[in-house]
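Trainee: Could you take a close look at one part of this model with me, starting with the aromatic side chains? I would like to go from there to the strands.

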Amino acid sequence: MNAAYQRLKTRHARIATLGEASAMLGWDASAMMPQGGGAARGDQLALLAGMMHELAIAPEVAEDLAAAEAKGEWEEANLALMRHGHIRATALDTALVEAVSLANSRCEKIWREARKSADFALVRPALEEVVRLQRQTAQALAAALNLSPYDALMDGFQRGVTAAEVEPIFATYEGFLAEALPRALEIQARRGPAIPLQGPFPVATQKAMAQAMSARMGLEYSHARLDESTHPFCGGTPSDVRITTRYHEGDVAQALLGVLHETGHALYERGLPEAYRRQPVGEAAGMAAHESQSLIIEMQACRGDAFLGFLGRELQAAYGGDAAAYDGANLAKLWRHVRPGFIRVDADEITYPAHVILRFRLERALISGDLAVADLPQAWGEGLQQLLGITPPDDAQGCLQDIHWHDGAFGYFPSYTLGAMAAAQLMGAARAATPGLDAALAQGDASPLLGWLRVNLHAQGSRLGFQDLLRSATGKALDPADFTAHLTRRYLTD
């Protein structure tokens with residue numbers, strides 16, 4: 001590598017280190033910070049965002065990019081990602097970047113109160129400001145990247161995937177859903193009701209169980225923490241991963257399955273190539289790739305028949321009660337129950353994509369200006385009625401349920417369903433390459449699955465784009481048929 005490329009690597013390491021500080025402050029704001037610290041924290045995060053942006057757009061960066069030379073596949077990919085990131089950064093001025101950060105931080109704090117009181121009017125002015133700034137950002141990025149405004153926002157979450165690719169995938173799934181949902185409900189009714197798990201489930205025991213199960217998946221708590229927050233998430237840094245969940249003494253599943261989901265994210269971060277830490281090529285391959293890793297752990301592995309048998313025995317030993325209720329087949333009935341519902345994070349595998357399709361359509365309309373923020377609650381209700389035949393009774397169960405838009409994350413939602421589809425495809429490839437995978441899961445051993453993911457996904461960083469990553473791991477680009485085949489086997493077969 002020449003001197004110009006080495007200088008770029010040093011600069012990107014500094015930017016990434018500031019990003020790590022920002023990530024830890026963001027985690028603290030959601031998990032630990034007292035409510036009164038919100039305004040100051042917003043200032044801190046905005047300043048860090050501005051500092052990172054100024055480092056990225058300094059004149060010497062353009063000079064070094066023009067002169068930089070890199071040899072080898074990884075270094076060439078790193079340089080290409082630096083150039084792409086520079087285009088994105090120089091499209092935006094620092095004042096806009098800081099204004100976006102401040103508006104997001106302010107809106108997110110108001111959203112928490114609005115959701116508690118189911119009062120969209122409370123957060124509407126702040127959300128209007130967030131959307132205004134997101135439109136401004138999208139327009140600037142679109143011109144620089146030669147993309148549509150919404151595609152330019154998507155590019156920030158999953159590079160190389162556009163709305164034109166997502167639209168037919170989602171339209172096809174909507175057709176599948178129309179036939180699959182009534183059939184799944186019919187089969188489910190024939191199988192009869194599940195035996196409910198009888199609580200209470202002490203929070204202290206739930207915490208210990210959740211941490212034990214995430215450790216069984218391979219998460220090392222010498223490099224991780226488990227805490228509580230309103231909205232479960234995975235944050236922190238690859239060497240200091242922070243996952244959160246929320247507990248309810250009457251429900252053992254919500255916290256446990258939430259932790260297993262976030263553990264998938266955490267394992268991905270922990271497995272990224274250390275040799276390229278704090279370099280663009282050493283980061284995750286995008287949010288659809290990230291969601292594939294959370295869902296391959298939670299949905300494909302931990303809600304699969306093999307692991308549920310093991311997990312049921314562990315739960316029965318911890319909480320006591322009727323052993324039949326903790327039988328793996330009964331847990332499958334409980335935790336793979338299909339039912340149209342209002343809340344995305346509580347949705348089953350079949351109906352979950354409908355929630356994503358709704359948000360994809362609404363956020364595109366918000367960014368294009370075809371939908372005003374004031375009309376969001378009504379549009380939400382109408383869209384959910386069209387997709388699932390239900391209408392939310394209030395905004396807390398409607399457009400206020402997610403943090404994403406209130407925190408400025410537009411273009412993120414498609415990643416959830418693309419990730420679910422990729423997870424099914426990857427699990428099929430992992431099973432084919434690792435014949436003893438399910439037998440190991442039946443003993444609570446996720447190491448064969450994790451070992452395959454470490455090599456084929458995690459260690460690849462962002463050297464490959466989403467589709468090429470799937471081609472490398474599975475032999476083909478994203479194939480939504482693998483997902484519908486998985487759903488058919490799990491839900492539509494007597």
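**Aromatic cluster and sheet**

Mentor: Happy to! One aromatic cluster is made up of Phe157, Tyr352, Trp380, Trp405, Phe410, Tyr412, Phe413 and Tyr416. Keep in mind that this is a predicted model, where local features need pLDDT of at least 70, side-chain atom pairs count only at pLDDT 80 or more, and totals for chains, interfaces and linings use all residues. Residues are numbered from 1 along each chain as its sequence is written, and side-chain values use heavy atoms, leaving out hydrogens and water.

A pair of aromatic rings is described by the distance of the centres and the angle of the planes. Here, rings of Phe, Tyr and Trp (its six-membered ring) pair if their centres lie within 6.5 Å, with planes under 30 degrees apart called stacked, over 60 edge-to-face and the rest tilted. By this rule, the count comes to 14 aromatic pairs. One of them joins tyrosine 352 and tyrosine 416: the ring centres are 6.2 Å apart and the planes stand at 65°, so this pair is edge-to-face.

Tyrosine 352 belongs to helix α14 (residues 352-368) and tyrosine 416 to helix α16 (residues 414-433), so the pair ties together parts that are 64 residues apart in sequence. Tyrosine 352, at 17% relative accessible area, is buried (under 20%; exposed is over 50%, partly exposed in between, with a 1.4 Å probe and protein chains only). Tyrosine 416 is buried too, with 9% relative accessibility.

Now look at tryptophan 405 and phenylalanine 413. Their ring centres are 5.8 Å apart and their planes stand at 85°, so this pair is also edge-to-face. Both tryptophan 405 and phenylalanine 413 are buried.

Next, the strands. Three of them make an open sheet in the order β1-β3-β2, with mixed pairing; two strands pair if DSSP finds at least two bridges between them. β1 and β2 are at the edges with a single partner strand each, so one side of each has no neighbour in the sheet. From one strand to the next, the twist averages 20° (axes are lines fitted to C-alpha atoms, for helices over the stretch in contact, and angles run from 0 to 180 degrees between N-to-C directions).

Strand β3 covers residues 240-245, and five of its six residues are buried. Strand β1 (residues 224-228) runs parallel to β3, joined by five bridges. Arginine 225 faces arginine 242 of β3. Strand β2 (residues 234-237) pairs with β3 in the antiparallel sense, over four bridges. Threonine 237 has aspartate 240 in β3 as its bridge partner, while cysteine 234 is bridged to isoleucine 243 of β3. With two residues between them, β2 and β3 form a hairpin.
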